[in-house]
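Here is a short report on one protein model. Keep the sequence and the 3D view open as you read.

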Amino acid sequence: MPIAYEEIDNLARLPFKFFKRSNYAPKAPTHWHTGIEIDYLVSGEDFKVVIAGQTHHYNSGDIWAIDRSQIHAATGHKNRYYYVMGLIIDNNFLEKEYPSSKNWRIKMDHISRDTASYRQLRKNLITIAELVDQPISDSIRFLILSEFFQMIALIDSEYTEKNCRHNAAKPIFG
């Protein structure tokens, strides 16, 4: 099965691509992209996502992440309705504006809905979804960016495993 590279077209003057998909038995073929993808299954049951060879099953209300350059695909069951929203963050923008993100390994599989961080992340995604449906004026753009940057800070503080090997102090003698 061929693995495609997905070229990401960001929204006008925003550092990410936002998508909403609602249909029966959705399917995303095997692909990859350099940006981090954050997905939220608004409704639907047993949505199958294969990320780097591991199969995950998500249900209504689940949020998950696909790290940079991971090969992934998604499928829904025949005759079942799904509503998925998410965004793919422009990697160049993220590394320029948030340099420490280069060291991220996102750990967000099956996060608990009982946490304040989950509720905040869900709120950020829903607010962005509502705002991107409007004509993007300067004020709407800044409202979207406000939600987006809150989300980035939350992901950094709550859902990443930092790889700091290259930042480790070198021994003075040795």
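Which residue in E8 is the bridge partner of Lys27? The answer is Thr75. The pairing around these two residues comes up again below. Note first that this is a predicted model.

## Overall make-up

The protein has three helices and eleven strands. The order of elements is β-β-β-β-β-β-β-β-β-α-β-α-α-β. So much for the parts list.

The chain has 174 residues, and 43% of them count as buried. A residue is called buried if its relative accessible area is under 20%.

## The four-stranded sheet

Look for an open sheet of four strands. Their order is E2-E9-E4-E7, and the pairing is antiparallel. Strand E2 (16-24) and E7 are the edge strands, and each pairs on one side only. From one strand to the next, the twist averages 20°.

Zoom in on E2 and strand E9 (residues 81-89). Nine bridges join this antiparallel pair. Within it, Asn23 stands opposite Tyr82 in E9.

## Helices on the sheet

Helix H2 (residues 116-132) packs on this sheet. H2 touches E2, E4, E7 and E9. Its direction makes about 90° with that of E2.

Helix H3 (residues 138-158) lies across E2, E4 and E9. H3 runs at about 85° to E9. Glu158 belongs to helix H3. With a relative accessible area of 45%, Glu158 is partly exposed. Lys107 is 51 residues away from Glu158 along the chain.

## Pairs made by E8

Now return to E8. Strand E3 (residues 27-32) runs antiparallel to E8, and three bridges join them. Lys27 and Thr75 are bridge partners here.

E8 also pairs with E5. This pairing is antiparallel too, over four bridges. In E8, Ala74 is the bridge partner of Val49.

What does Ile71 touch, leaving out residues up to four places away in sequence? The list is Ile3, Thr30, His31, Trp32, Val50, Ile51 and Ala52. Ile71 itself is in the loop between strand E7 (63-66) and strand E8 (72-75).

Is Ile71 buried or partly exposed? Its relative accessibility is 36%, so Ile71 counts as partly exposed. Ile71 and His33 are 38 residues apart along the chain. Their C-alpha atoms are separated by 8.0 Å.

Most residues other than glycine have a negative phi.

Take Asp46. Asp46 is not a glycine, yet its phi is positive, at about 55°. Asp46 lies in the loop between strand E4 (37-43) and strand E5 (47-51). Asp46 counts as partly exposed because its relative accessibility is 24%.

Then take Ala52, one of the residues that Ile71 touches. Phi of Ala52 is near 50°, a positive value in a residue other than glycine. Ala52 is placed in the loop between E5 and strand E6 (54-58).

## Rings and charges

How many aromatic pairs are there? The count comes to nine. Ring pairs also link a cluster, made of Phe16, Phe93, Phe148 and Phe149.

The charged end of Arg21 is over the ring of Phe19, 4.3 Å from its centre. Likewise, the charged end of Arg141 sits over the ring of Phe142, 5.3 Å from the ring centre.

Notes
Residues numbered from 1 in each chain as written. Predicted model: local features only at pLDDT ≥ 70, side-chain atom pairs only at ≥ 80, totals over all residues. Heavy atoms only, no water. Helix = DSSP H or I, 4+ residues; strand = E, 2+ residues; numbered from the N terminus. Buried < 20%, exposed > 50% of the residue type's maximum accessible area, 1.4 Å probe, protein only. Phe/Tyr/Trp six-rings, centres within 6.5 Å; stacked < 30°, edge-to-face > 60°. Lys NZ or Arg CZ within 6 Å of the ring centre and 35° of its normal. Contact = heavy atoms within 4.5 Å. Pairing = 2+ DSSP bridges. Axes fitted to C-alpha atoms, helices over the stretch in contact; angles between N-to-C directions.
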